[in-house]
Amino acid sequence: MKNIAFIGAGNMNNAIISGLVNNGYSPQHIIVSNPSPEKRIALQQRLGIKQTASNTEAVEFADVIVLGVKPYLMSDVCKDFAQQLDISNKSFISVAAGCPLQHIEQALDQSCTVFRTMPNTPSEVGAGVTGIFANTKASADDKAFAEQLMQSVGIVKWLDREEQIDHIIAVSGSAPAYFFLFMEAMEKQAIEYGFSAEDSRDLVQQTAYGAAKMVIESQLPISKLRENVTSKGGSTHAAICSFQEDNLEETVSKAMNSAIARAKEMAKEG
Ligand SMILES: NC(=O)c1ccc[n+]([C@@H]2O[C@H](COP(=O)([O-])OP(=O)(O)OC[C@H]3O[C@@H](n4cnc5c(N)ncnc54)[C@H](OP(=O)(O)O)[C@@H]3O)[C@@H](O)[C@H]2O)c1
């Protein structure tokens, strides 16, 4: 069993570690490093993994290292342990948004396997989507392990080109917030109709869950599922026509393109 180090004990690494251990990965083969003690000690107590304040100690222990710090810290964090250790046979998986592979490779300054991934927030409840791109050093075994690791928090989609990470950001990375916004608007309107706050939330969340479950469980195209519940001249039809008159498709496309444009800017800002 490979040893895995998690650099940073924040939300995303917490989700992946929990997913791995809950899926049966031995906690004795997992270490987490974090400067402040609370989160890493809580993880040790909850899951039985190892913990340390030293990134270098964690990287030394591991075959595979998950880099889960904020993008602006990535270079300094990598340079620090890379200057002290031979890391050429180790494999690195970055979950940092907006941090190009080249920046990480330059900071590591040794020829190693590096993956750039883009998970999303539902990873925290095991229902995430992760886009993953590998550098040219990655072997078939490295790829299989990285895929298995990210599958502990959801499904995984391989990318052929790194620029597709920006598209993943628009389609799944930022997208939970689009659905939250839509649900918020519906919840507000339900309250306007006089439902209690609790009932409004129940009505909206159960409907969103039910619709997502139907999409997941059905073999039908999403457009067909919509058509099936939209009788011509009925109330659903009236609501759908209203969305279409207000150019919902164009609004969605514009918003997704804005996410891509901002992701590109952030990558340049480094
Ligand atoms: N959360 C998401 O849904 C999500 C989605 C996609 C991508 N990501 C990416 O995941 C990464 C982490 O995000 P997050 O949401 O998990 O953030 P977070 O909760 O703030 O976690 C970051 C962790 O890094 C620790 N840290 C700070 N300096 C460090 C150092 N020098 N060495 C080791 N650890 C250090 C922080 O510790 P202290 O708290 O003690 O400072 C904190 O526990 C980011 O790059 C983000 O872009 C997150």
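**Reading helix packing**

Analyst: The axes of helix 7 (residues 164–173) and helix 12 (residues 248–269) come within 8 Å and cross at roughly 135°. This is a predicted model, in which local features need pLDDT of at least 70, side-chain atom pairs count only at pLDDT 80 or more, and totals for chains, interfaces and linings use all residues. Residues are numbered from 1 along each chain as its sequence is written.

User: What describes two packed helices?

Analyst: Two packed helices are described by the angle between their axes and the distance between the axes. Helices are DSSP runs (H or I, at least four residues), numbered from the N terminus. Axes are lines fitted to C-alpha atoms, for helices over the stretch in contact, and angles run from 0 to 180 degrees between N-to-C directions. Angles under 35 degrees count as roughly parallel, over 145 as roughly antiparallel, 65 to 115 as roughly perpendicular and the rest as oblique. Helix 7 and helix 12 are therefore oblique to each other.

User: Which residues of helix 7 and helix 12 meet?

Analyst: Two residues are in contact if their C-beta atoms, placed from the backbone, lie within 7 Å. From helix 7, Asp166, His167, Ile169 and Ala170 meet Met256, Ala259, Ile260, Ala263 and Lys264 of helix 12. This contact comprises six nonpolar, one polar and two charged residues. Ala, Val, Leu, Ile, Met, Phe, Trp, Tyr, Cys and Pro count as nonpolar, Asp, Glu, Lys and Arg as charged, and the others, Gly among them, as polar.

User: At what angle do helix 4 and helix 5 pack?

Analyst: Helix 4 (residues 74–82) and helix 5 (residues 101–108) pack at about 30°, and their axes are 7 Å apart. That makes helix 4 roughly parallel to helix 5. Met74, Ser75, Cys78, Lys79 and Ala82 of helix 4 make the contact with His103, Ile104, Ala107 and Leu108 of helix 5. By class, these residues are six nonpolar, two polar and one charged.

User: How many residues surround the ligand?

Analyst: A residue is near a molecule if its C-beta atom, placed from the backbone, lies within 6 Å of it. Here 25 residues surround the ligand, and the closest are Gly8, Gly10, Ser36, Ala96 and Ala97. Helix 1 (residues 11–22) gives the most to this shell, with three residues. The shell has twelve nonpolar, eleven polar and two charged residues.

Terms used: Helices (H or I, at least four residues) and strands (E, at least two) are DSSP runs, numbered from the N terminus.
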